[in-house]
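Here is a short walk through one protein model. Keep the sequence and the 3D view side by side as you read.

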Amino acid sequence: MTDRNTDTTGTPGTTGVAPGAPYTIVGGGAIGGSVAFHLARGGHDVLLVDADPAHVAAVRRNGLVLRRATGDETARVRAATPEEVGGPLRHVLLCVKAQATDGAAGWIAPRLAPDGFVVSVQNGLNERLIAEHVGADRVVGAFVNLFADVVEPGVIRDGGPGAFVVGELSGESGPRVDRIVSDLAGLGAKATGNINGYLWSKLGFGIMLTATALADAPMADLIDRHRPLMYALVAEVFAVAARLGHRLEPFDAFDPAAYLPGTPENVREAATDRLTAWLRTQPKDRSGIWRDIAVRHRPVEVRDHYGAVFAEADAAGVATPLTRGVLARLTDVETGRAPMSEDHLRDLEAAR
């Protein structure tokens, strides 16, 4: 380890980096920051590693702040940039954006202890890529549906509760999943033997949220106004999941069974009523994808999420024209070639 900073107390104002932290969070954004906060509040030793020096400096100076409607809460968390960390790392929660997975996993691999493991606490299907760096037996899957944003260095705005599920890729139970679930009780974590069922359900839900990022309006309102398009998008993703044999799992207010072929229309409509009603209770009314484009002006990660879906779709011979259309239009919006507008959704509906 590069031992430029030797204080390990985590006291604001220090820059301590200690080897072998029980939990190392790689990526301190919305997901990673929320996870780090709850672990630290649960009494666990946490090292937060993030590439943004301003974010790291703020956490060192002021602690990690979780901003709620009821006020700010602070947890004492040790923080470092990647250059300051050597290893060994044992319990790593990888929380970077999907497009940063390859680089982050490559950084983790030489630092991971022989008995260490990596939990993919991310959106998308990143476990296979992580396994290429550290070995499949050292990768644990996780599904997360947290509504949160980084609003300033060191400050995470809590956007409401969401599902957090952890499972071995093999589907078997084991002590490392049991430990993570126990330690993340503050986030309502639970174990599963079907982590892929959750990940693919999230991809179905996620394509709806992705489509809403094409316009500047609340997610719930856009889903409500464009239900036939949303149903068609979910159907494309779930057709791929069906070819792969995945059993889809419900989470929060999203019931994937309502969007499968043959579901009665009234059942699907009632499920969407519940989903949009739940979304309207969340303090965060626009997606992280929308925020990346409109506020943070940085590349979105959903191309990586659905690139994996497209690869599986092509291999299985499943057509995904609407999903590809959403991603193409999102690229136009992201690059400034087209404005955010509900017309994108209307055009996609017309094409359908």
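Begin with the largest nonpolar core, which has 59 residues. A nonpolar core is a set of buried Ala, Val, Leu, Ile, Met, Phe, Trp, Tyr and Cys residues joined through side-chain atoms within 4.5 Å. Buried means under 20% relative accessible area, with exposed over 50% and partly exposed in between (1.4 Å probe, protein chains only). Phe 205, Tyr 259, Leu 275, Leu 279 and Tyr 306 touch the most other members. Several helices give two or more residues to this core, among them helix 6 (195-212), helix 9 (265-279) and helix 11 (302-316). Helices (H or I, at least four residues) and strands (E, at least two) are DSSP runs, numbered from the N terminus. A second, separate core has 37 residues, including Phe 117, Ile 156, Phe 164 and Ala 189.

This is a predicted model: local features need pLDDT of at least 70, side-chain atom pairs count only at pLDDT 80 or more, and totals for chains, interfaces and linings use all residues. Residues are numbered from 1 along each chain as its sequence is written, and side-chain values use heavy atoms, leaving out hydrogens and water.

Now look at Leu 279. Contact means heavy atoms within 4.5 Å. Leaving aside neighbours within four places in sequence, Leu 279 is in contact with Phe 147, Phe 205, Met 219, Ala 220 and Ile 223.

Turn to helix 1 (residues 30-41). Its twelve residues should span 16 Å at 1.5 Å a residue, and its end C-alpha atoms are 17 Å apart, which agrees. The expected span is 1.5 Å times one less than the number of residues. Ten of the twelve residues are buried, so helix 1 is mostly covered. Gly 32, Ala 36 and Phe 37 are among the buried ones. After the helix comes Gly 43, with a positive phi near 90 degrees.

Which strand holds Leu 48? Leu 48 sits in strand 2 (residues 46-49). Its relative accessibility is 1%, so Leu 48 counts as buried.
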